[in-house]
Amino acid sequence: VVDINGPRCECGNIGCLETFASGVAIVRRVKEEIRRGAESMLKPVFNRREADVTLEAVIEAAHAGDELANGIMREAGRYLGVGVSTIINYFNPEMIILGGILVNQYPDIVDIVKDNVKNRVLPHFHNKIPIEKSVLGERADIIGAASMVIQHLFDHSELLLQKA
């Protein structure tokens with residue numbers, strides 16, 4: 001949870017990181033702001049067909065200098081920085097690895113996260129825990145899940161051999 005007064009998450013909780021820093025949240029925020037009258041190069045796309053305002057479209061607009069898209073991407077990066085800071089402060093991991101479509105298509109978000117983490121972690125952790133972009137690409141989640149299954153099979157291979 002990054003905002004105890006935030007919106008309800010799909011998981012049922014309130015103010016989860018996902019409601020602020022996921023691709024779905026970013027697209028939702030852009031659409032909300034366009035509905036409120038914000039100017040953006042995405043406005044004609046939104047007016048033509050709202051479903052065409054996708055994460056990829058928002059990222060493309062951010063790269064093209066769209067102020068709304070860039071502002072919302074920075075906002076998502078700040079929230080992600082809050083979440084990463086909490087993880088660092090509580091668990092003291094060896095490293096933080098960020099991945100997925102958002103990080104791969106908008107790598108500036110890694111720097112935004114790093115800047116926000118610097119201001120939020122306990123002094124003991126300053127500059128001691130690297131925050132890196134994943135080398136696994138946009139399918140890091142699937143690769144990670146598959147590797148867990150493979151690891152489980154190797155860890156329990158004696159059970160498989162006994163049943164054979």
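Trainee: Which residues lie nearest the centre of the largest pocket?
Mentor: Keep in mind that this is a predicted model. Leu80, Ile97, Leu98, Gly99 and Val103 lie nearest the centre, out of 17 residues that line the largest pocket.

Trainee: And how much space lies in the largest pocket?
Mentor: About 390 Å³.

Trainee: Which elements give two or more residues to its lining?
Mentor: H5, E1 and H6 do. H5 gives the most to that lining, with 4 residues.

Trainee: What classes of residue are in the lining of the largest pocket?
Mentor: There are 12 nonpolar and 5 polar residues, and no charged ones.

Trainee: New topic. How many aromatic pairs does the structure hold?
Mentor: It holds 1 aromatic pair. The ring centres of phenylalanine 20 and tyrosine 79 are 4.1 Å apart and the planes are at 20°, under the 30 degrees cut-off, so the pair counts as stacked.

Trainee: Where in the chain are the two residues of that pair?
Mentor: Phenylalanine 20 is in helix H1 (residues 18-21) and tyrosine 79 is in helix H5 (residues 67-91).

Trainee: Is phenylalanine 20 buried or exposed?
Mentor: Buried, because its relative accessible area is 13% and the cut-off is under 20%. Tyrosine 79, at 22%, counts as partly exposed.

Trainee: Last one: which residues have the most contacts inside the largest nonpolar core?
Mentor: Val58 and Ile88, in a core of 38 residues. H5 gives the most to this core, with 8 residues.

Trainee: What is isoleucine 88 in contact with?
Mentor: Leaving aside neighbours within four places in sequence, its contacts include Pro93, Ile96, Val117 and Phe125.

Definitions and conventions: Residues numbered from 1 in each chain as written. Predicted model: local features only at pLDDT ≥ 70, side-chain atom pairs only at ≥ 80, totals over all residues. Heavy atoms only, no water. Phe/Tyr/Trp six-rings, centres within 6.5 Å; stacked < 30°, edge-to-face > 60°. Buried < 20%, exposed > 50% of the residue type's maximum accessible area, 1.4 Å probe, protein only. Core = buried A, V, L, I, M, F, W, Y, C linked by side-chain atoms within 4.5 Å. Contact = heavy atoms within 4.5 Å. 1 Å grid on protein atoms, 1.4 Å probe; cavity = no way out; pocket = protein on both sides within 12 Å on 5 of 7 lines; lining within 4 Å. Points joined across faces, edges and corners; volume = space filled by probe spheres on them. Nonpolar A, V, L, I, M, F, W, Y, C, P; charged D, E, K, R; others polar.
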